[in-house]
Amino acid sequence: MSGCCTPRFYGKVFSEKTARRDARRYRERGLRGTALVTFEWLRARRPETVLEIGGGVGALDVELLLAGAARATNVELSPSYAAAAGELAREAGVGDRLVFRAGDVLADGVEPADAVVLHRVLCCYPGGEELLGAASRAARRHLVFTVPRDTWWTRAGSAAANVLLWALRLRFRTYVHSVSALVGVAEASGLRRAHDEHGTVWRTIAFER
Ligand SMILES: C[S@@+](CC[C@H](N)C(=O)[O-])C[C@H]1O[C@@H](n2cnc3c(N)ncnc32)[C@H](O)[C@@H]1O
């Protein structure tokens, strides 16, 4: 995985411009869609510590901290989110409780947390099962992930996006991983599926120990 997945490489795709756009959208509209589903499910379970993998500007972490979590860590493969994430956390008054770390969980490892979140992350990484395995092992009580549903139309959309990325000469690719294989990985580490919902494209699955 090392050739494809460096911070420098992801920092170009998930750029400072993307970060400013995501932060602006969150300021204007708050959490929406699957991010809101993830937040509501976790808020009810009151995690003390949160690890978000690929958390972007960290909007979910900010909300979970405001809802009572003590500490959150956002491990992001793209360093381009750091400034916007820090700004959002400071604005919300949780800057001292939210750590942004640039890096790849698989290469660098992570500290365990009560709740581990991967919101629309596995679709941006080739080693979906390995990444989810590391996330599952780090989850003391809860794990929530959102991925594209494993359907012909999400696979067609991903293939079309990859053609465009190839034409733009970007080495980044999108992935539709087998959802049953991902669920198997989480269950193999002792987690039990507690919630499962989907729309046309995205599926959010939550687990507990
Ligand atoms: C589509 S963005 C989603 C960002 C955020 N979770 C959201 O929903 O707004 C996917 C993110 O996952 C990050 N990512 C992918 N693989 C990762 C890994 N192995 N470790 C940490 N971050 C990763 C990328 O850098 C990117 O920022």
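## Ligand contacts

One oxygen atom of the ligand lies 2.7 Å from an N or O atom in the side chain of His119, a polar contact in the sense of a pair of N or O atoms within 3.5 Å. This is a predicted model, so keep in mind that local features need pLDDT of at least 70 and side-chain atom pairs count only at pLDDT 80 or more, while totals for chains, interfaces and linings use all residues. Residues are numbered from 1 along each chain as its sequence is written, and side-chain values use heavy atoms, with hydrogens and water left out.

A ligand nitrogen is 3.1 Å from a polar backbone atom of Leu77, and a ligand oxygen is 3.5 Å from a polar backbone atom of Ser78. On its own the ligand has 590 Å² of accessible area (Shrake-Rupley method, 1.4 Å probe), and the protein covers 87% of that 590 Å².

## Who's around it

The ligand is surrounded by 20 residues, each with a heavy atom within 4 Å of it. Gly54, Glu76, Leu77, Asp104 and His119 are the closest. By type, the shell splits into 11 nonpolar, six polar and three charged residues, with Gly counted as polar and Asp, Glu, Lys and Arg as charged.

## The cysteines

What about disulfides, meaning cysteine sulfur atoms within 2.5 Å? There are zero in the structure. Cys123 is in none, and its nearest cysteine sulfur, that of Cys124, is 4.1 Å away. Cys124 is in no disulfide either.

Cys123 is buried at 8% relative accessible area, and Cys124 also counts as buried, at 15%; the cut-off for buried is under 20% (1.4 Å probe, protein chains only).

Key
Polar contact = N/O pair within 3.5 Å; in protein donor to acceptor, adjacent residues only side chain to side chain. Disulfide = S-S within 2.5 Å. Buried < 20%, exposed > 50% of the residue type's maximum accessible area, 1.4 Å probe, protein only.
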